[in-house]
Structure formats: structure tokens, C-alpha cells
Amino acid sequence: MRAAVDHLFRQGRLLLWGIPATSVLVQTLLDRAADGDAAEAGAAIERLAAAPADALTAAEPSCGSCGTELPPDSRFCNKCGAPV
Ligand SMILES: [Zn+2]
């Protein structure tokens with residue numbers, strides 16, 4: 001149980017960068033640390049984790065020809081070879 005809370009806490013800290021208000025909510029839930037609260041915090045973190053992931057995906061280049069996601073420094077598509 002303690003390890004799970006610590007894991008959630010580390011994930012929550014990552015969220016402090018972009019979503020401070022919700023991170024406060026998560027932190028509050030983790031501070032209470034009852035089983036149900038920890039599960040609730042975990043669910044909140046899961047939902048929040050999806051939003052930054054979408055933002056990061058949008059910021060990364062993707063192939064204009066086939067849509068494959070590419071590393072930021074790519075000049076050509078890894079899949080179809082089209083210039084990025
Ligand atoms: Zn491509």
C-alpha cells in the first residue's frame with residue numbers, strides 16, 4: 001500500500017508542471033491516504049495523464065503523408081520516407 005501511494009505521489013508531482021489546481025486535489029487525496037482515497041487519486045491521475053500525453057503528441061511532428069508519429073528531430077518519415 002505504501003509503495004502504491006509513493007508511486008502515485010511521484011506521478012502526481014509530474015502533473016504539478018502543467019495542472020497545478022488538479023494536482024492540489026490529487027495531493028489532498030494522497031495526504032488522506034485511505035484506501036478509497038488513494039484509488040480515487042489514482043483514477044484522477046489516470047485521467048490527467050491522458051491530457052498532457054495528448055498535448056505532447058500534438059507537439060511532436062508526424063508524417064504529413066502517412067501520419068506516423070516521429071521523433072522531434074526527424075527530417076524524414078521512418079515509415080514511408082516522406083520529408084517532414
Ligand atoms: Zn510517412
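This is a predicted model: local features need pLDDT of at least 70, side-chain atom pairs count only at pLDDT 80 or more; totals for chains, interfaces and linings use all residues.

Trainee: What makes a residue count as buried?

Mentor: A residue is called buried if 20 or more other C-beta atoms lie within 10 Å of its own, and exposed if 12 or fewer do.

Trainee: Why is E60 called exposed?

Mentor: E60 has 12 C-beta neighbours inside 10 Å, and therefore counts as exposed. The limit for that term is 12 or fewer. E60 is located in the segment after α3.

Trainee: Which residues does E60 contact, leaving aside its neighbours within four places in sequence?

Mentor: With those neighbours set aside, E60 is in contact with E69, L70 and P72. The term requires C-beta atoms, placed from the backbone, that lie within 7 Å.

Trainee: How far apart are E60 and P71 in space?

Mentor: The C-alpha to C-alpha distance between E60 and P71 is 6.9 Å, with 11 residues of separation in sequence.

Trainee: How many helices and strands does the chain have?

Mentor: There are 3 helices and 0 strands, and the order from the N terminus is α-α-α.

Trainee: Where is confidence lowest, and where highest?

Mentor: Confidence is lowest in helix α1 (residues 2–15), with a mean of 62, and highest in helix α3 (residues 35–59), at 72. The mean pLDDT of the chain is 74, and 54% of its residues reach 70 or more.

Methods. Residues are numbered from 1 along each chain as its sequence is written. Helices (H or I, at least four residues) and strands (E, at least two) are DSSP runs, numbered from the N terminus. pLDDT is the predictor's confidence in each residue, from 0 to 100. Two residues are in contact if their C-beta atoms, placed from the backbone, lie within 7 Å.
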